[in-house]
Amino acid sequence: MGQIRVLDQNMINMIAAGEVIERPASVVKELVENSIDAGATKITVTIEDGGRKLISITDNGCGMDTDDLAQAFEPHTTSKIKASSDLLGISTLGFRGEALASIASIAQVRALSRTKDSTGANCVEIDCGNKTGVSPCSGDYGTTVQIRDIFYKLPARRKFLKTANTEMGHITEQFTRIALANENLDLTLIRNGKELYRLSDKDDLRRRITELFPMSSSDISENLIEAESSEKGLHVHALMGKPLISRTNNRFQYVFLNGRFIRDKFISHAIKEAYRGLLEPGRFPVVFLFIRMSFEDYDVNVHPTKIEVRFYNSNLVHSQILGALREKLLGTNLEMPGKLPEMQHTQSTSRHSPPVRDSRIADAMAEFFRKHRPAQMQQQLGFRPSAPGEIHAVSREKSAQYDRKYLQIHDSFIVAQTEDGFVIIDQHALHERIMYEDLCRRIRKNKLQSQRLLIPESFEVTVSGAEALKANAELTDKLGIELVPFGPRTMAIQAFPTLLSGVQPLDFIQDLIDLLDRKDAGLDAERLLDEVLNMAACKAAIKAGQKLTESEIEQLLADRQNAESASRCPHGRPTTIKFSISDLEKQFKRT
Ligand code: ADP
Ligand code: MG
């Protein structure tokens, strides 16, 4: 006798549940999405014991009549699609007709529903697939679905559940995604009888973000830059975190497509590229991205929980998101605000201690300004002038020596006066940025100008090094580097870029070979060139510890004004920290 048999329907549902219902949070997601699809404007989620004991969702949506309530928990039943052509443009969150049947196969379920034109409510109960008939009961308009004892007949799955706190964390994350995507919904999350979130439909997006991320509210919503673009049927709205509030993981990247939270590698890549050079390696930006496009332009029927979609024109999506975000970021002043040291008496109560480097500089600055009070002030302390006109003349003359608007400290930082305060510039980081932009600009137009070396510099090269140089001949040519073979394992540098005149050619070539050798073949030409220019800029830039002449400082400050993105070095580290005069005045108790 054959071994193969047809599975009974309950088994099929349990298997389907394995895909869709991973944990209590998946139940919350599916049920709240159903409520949204039912047109609800107010949804309450109640959780007990991390969802193990109870998950209850109440909405004020359209409700279900007796027939629909009887039908809804059967497998493959849905009101959202009718013909296969509907699959080509799904506008609802659900459409697979699986969620309720799956949930009902793995828990005790009680659903209560009432439509607007019905005189009373109905309810139905299902215990792991065993359904009672629909019976009348009392209840308000809308639907309530209660799930108790999830996975209680599946000990293996139940054991897999984590602590109540962890499961609650997952539920909160699902709730957060839905809340961000639906500002116009009145949403409440209750845990063990206590209200965790109460979000009003009057909230705007920033307010909602503040409420959803209370730990970091002052950081997050105050540090978001807004970008918007609409082109070729694709509307992009983004709230982008300044580099200042970047994170160590990408959990704070929320991407929504027509109200659905999605994860998409093209979009993640576009976000990463948009922040290129603005963040240090290993940091991830905070981004809330809302995309609207025609339902016909992508397929949601590719993943059981619909967290992934397939764009028909993913290049367009990528380039438009990248363009909108990058343009806004580069057009925004992203200078780091400096933090002055906290006053002595408030230090112990302060929540955030300023970063060590910032405070060290701030200390040095405070000290500097204390020692170098303008002459005018010191004069006033000493004597009272007989005529106001006189003091003016004297003080101007006396203060002339302090009238310079910049100063180099420790041969590494430049302090420069600005309209409303001053900035401290990391001379290497800023010059590196300026060099990098200059190199990019030039190379975009043509190959770099080079000069012949009076005496060619020869160097030994390994087999793989020689291969790497050969494979990247186009790149070295673009850089204006001329190399010729000079014996079996030796090469010589004939010409070297003029712009890198301060760099040792041999040293540069060695690092270039290392870089080319190390890079995996997958790196596209553009990125490789970018890395090489980064390296060149770093090598050619003024170093920390290098004394600068006045005219060099002036040149640097002037170039800073013209740089596209002067606030960050190409590696994403800040070049400039700014301080406002009002902060200083507070520190010196002038106000
Ligand atoms: P899907 O959402 O994919 O259609 P579900 O199993 O989640 O499948 O739900 C089945 C059907 O039950 C839905 O198509 C909808 O008609 C009905 N339904 C589910 N939840 C609600 C609700 N909260 N209010 C009104 N109708 C609902
Ligand atoms: Mg559904």
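**Notes on a predicted protein–ligand model**

1. Let's start with Ser567: you'll find this residue in the loop between α19 (550–562) and β24 (576–580). Helices here are DSSP runs of H or I with at least four residues, strands are runs of E with at least two, and both are numbered from the N terminus. Ser567 counts as buried because its relative accessibility is 7%, and buried means under 20% relative accessible area, with exposed over 50% and partly exposed in between (1.4 Å probe, protein chains only). Leaving out residues up to four places away in sequence, Ser567 touches Leu334, Glu335, Arg573, Pro574, Thr575 and Thr576; a contact means heavy atoms within 4.5 Å.

2. A word on ground rules: this is a predicted model, so local features need pLDDT of at least 70 and side-chain atom pairs count only at pLDDT 80 or more, while totals for chains, interfaces and linings use all residues. Residues are numbered from 1 along each chain as its sequence is written, chains are lettered from A and ligands numbered from 1 in the order in which they are written, and side-chain values use heavy atoms, with hydrogens and water left out.

3. Now the overall picture. The protein has 20 helices and 24 strands, and 46% of its 591 residues count as buried. Take the contacts between residues at least 6 apart in sequence: 68% of them join residues at least 24 apart.

4. What surrounds ligand 1? There are 19 residues around it, and the closest are Asn34, Thr78, Ser79, Lys80 and Gly97 (near means a heavy atom within 4 Å). Both α2 (24–37) and α4 (99–105) supply at least two residues each to this shell.

5. Look at the oxygen atoms of ligand 1. One is 2.8 Å from an N or O atom in the side chain of Asn34. Backbone N or O atoms take part too: one of Phe95 lies 3.0 Å from a ligand oxygen, and one of Arg96 also lies 3.0 Å from a ligand oxygen. The protein covers 93% of the 530 Å² of accessible area that ligand 1 has on its own (Shrake-Rupley method, 1.4 Å probe; for residues, only the protein chains shown count as cover).

6. Finally, the inside. The largest nonpolar core has 61 residues, and Phe73 is one of those with the most contacts inside it. Such a core is a set of buried Ala, Val, Leu, Ile, Met, Phe, Trp, Tyr and Cys residues joined through side-chain atoms within 4.5 Å. Helix α6 (residues 164–181) gives this core its largest share, seven residues.

Terms used. Polar contact = N/O pair within 3.5 Å; in protein donor to acceptor, adjacent residues only side chain to side chain.
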